[in-house]
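Hello,

Here is the structure I promised to pass on. My notes follow below it.

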Amino acid sequence: MAAVVRRADVEVGTELPAQTSQVTRADLVRYAGASGDFNVIHWNERVATEVGLPGVIAHGMLTAGLAARAVTAWAGDPGALVEYSVRFSRPVVVPDDGVGAEVVVAGRVAALLDDDRVRVDLTVTSGGEKVLSLARAVVQL
Amino acid sequence: MALDPGLVGRSYPPSVVYEVGREKIAEFARALGDDDPVYRDPEAARAAGHPDVVAPPTFAIVLSLGAGEVVLADPDVAIDYSRVVHGEQRFVHHRPIRAGDRLVATASIEAVRSVAGNDMLTTRVDLATEDGEPVCRASAMLVARGA
């Protein structure tokens with residue numbers, strides 16, 4: 001159980017490979033079942049608009065999970081992600097058009113911590129707008 | 001109605017045991033479009049140094065979501081659930097969750113705040129094995145938008 005990336009390989013500013021995911025309504029249904037989060041705003045357009053949303057929105061934790069995937073793929077070990085925090089700043093609206101919404105994840109090493117840990121700051125956008133803020137991962141290298 | 005600051009620190013009884021299954025982990029990884037074999041192939045997981053398949057880091061939400069409901073069900077927690085949105089989420093992992101784990105979730109209230117008519121409630125769910133080994137701490141900040 002160890003990260004593939006070594007502490008000696010990274011410095012402040014090291015960038016993670018960019019990751020782009022397409023999120024469709026089918027993905028929301030799949031995530032609802034996998035996570036147990038059946039909140040209606042993630043699958044019912046009528047209810048979503050009734051509560052003032054622009055439409056059906058992705059689960060925040062689906063977006064956060066996609067962003068975490070970029071970190072674990074880079075580190076080479078899911079166990080390397082020891083701390084993870086996100087703020088949900090803007091919903092990802094997923095239209096029922098067969099195309100869905102694009103979620104783009106970029107990340108860079110923002111700080112070197114003790115014990116071969118680094119802090120990775122993530123920038124997560126959809127349609128050019130930030131959907132997560134203060135998305136940070138502490139990675140054990 | 002603003003939340004009572006005296007709620008901070010309130011703790012709830014531990015959940016029943018949740019047994020983590022390989023299929024549930026694989027299903028969750030699939031929902032994230034993650035094809036890392038350590039999430040579905042026990043041999044690949046062992047080759048990577050894990051005792052069995054491990055779960056993606058955000059899998060903890062599966063347990064913490066359910067465990068946190070006990071807080072919202074508390075009659076002293078005056079929060080309008082229909083106006084609640086997920087504001088923030090944080091995980092601290094002591095080790096990855098893995099297939100075969102028998103986990104117990106203990107919920108508590110970490111913080112309450114009122115800002116500009118919005119109530120903010122931070123729940124904390126500690127996940128540990130039934131033998132008491134700490135596995136993960138999940139904190140969720142929920143915002144009830146003011147009417």
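In chain A, 66% of the contacts with a separation of 6 or more are between residues 24 or more positions apart. Contact here means heavy atoms within 4.5 Å.

Some housekeeping. This is a predicted model: local features need pLDDT of at least 70, side-chain atom pairs count only at pLDDT 80 or more, and totals for chains, interfaces and linings use all residues. Residues are numbered from 1 along each chain as its sequence is written, chains are lettered from A and ligands numbered from 1 in the order in which they are written, and side-chain values use heavy atoms, with hydrogens and water left out.

Chain A has three helices and five strands; helices (H or I, at least four residues) and strands (E, at least two) are DSSP runs, numbered from the N terminus. Their order from the N terminus is β-α-α-α-β-β-β-β. The C-alpha atoms fill a box of roughly 50 × 30 × 25 Å along the principal axes. Of the 141 residues in chain A, 52% are buried (under 20% relative accessible area, 1.4 Å probe, protein chains only).

Now helix α1(A), residues 25-35. Its buried residues are Arg25(A), Asp27(A), Leu28(A), Tyr31(A), Ala32(A), Ala34(A) and Ser35(A). Their cover includes β1, α2 and α3 of chain A, plus α1 and α3 of chain B. Just after the helix, Gly36(A) takes a positive phi of about 85°.

α1(A) packs on α1(B) at an angle of about 150°, with the axes 9 Å apart. Axes are lines fitted to C-alpha atoms, for helices over the stretch in contact, and angles run from 0 to 180 degrees between N-to-C directions. The two helices are therefore roughly antiparallel (angles over 145 degrees). On the α1(A) side, the contact is made by Arg30(A), Tyr31(A), Gly33(A), Ala34(A) and Ser35(A). On the α1(B) side, Lys24(B), Glu27(B), Phe28(B), Arg30(B) and Ala31(B) make it.

The whole interface takes 31 residues from chain B and 29 residues from chain A. Together the chains bury about 2400 Å², 60% of it on carbon and sulfur atoms. Buried area is the accessible area (1.4 Å probe) that two parts lose on being put together, summed over both. In chain B, Ala31(B), Leu32(B) and Pro57(B) lose the most area to chain A, together 20% of what that side buries.

Ser133(A) is buried, with a relative accessible area of 19%. Leaving out residues up to four places away in sequence, Ser133(A) touches Val86(A), Arg87(A) and Ser89(A).

Best wishes

Conventions: Buried means under 20% relative accessible area, exposed over 50%, partly exposed in between (1.4 Å probe, protein chains only). Angles under 35 degrees count as roughly parallel, over 145 as roughly antiparallel, 65 to 115 as roughly perpendicular and the rest as oblique.
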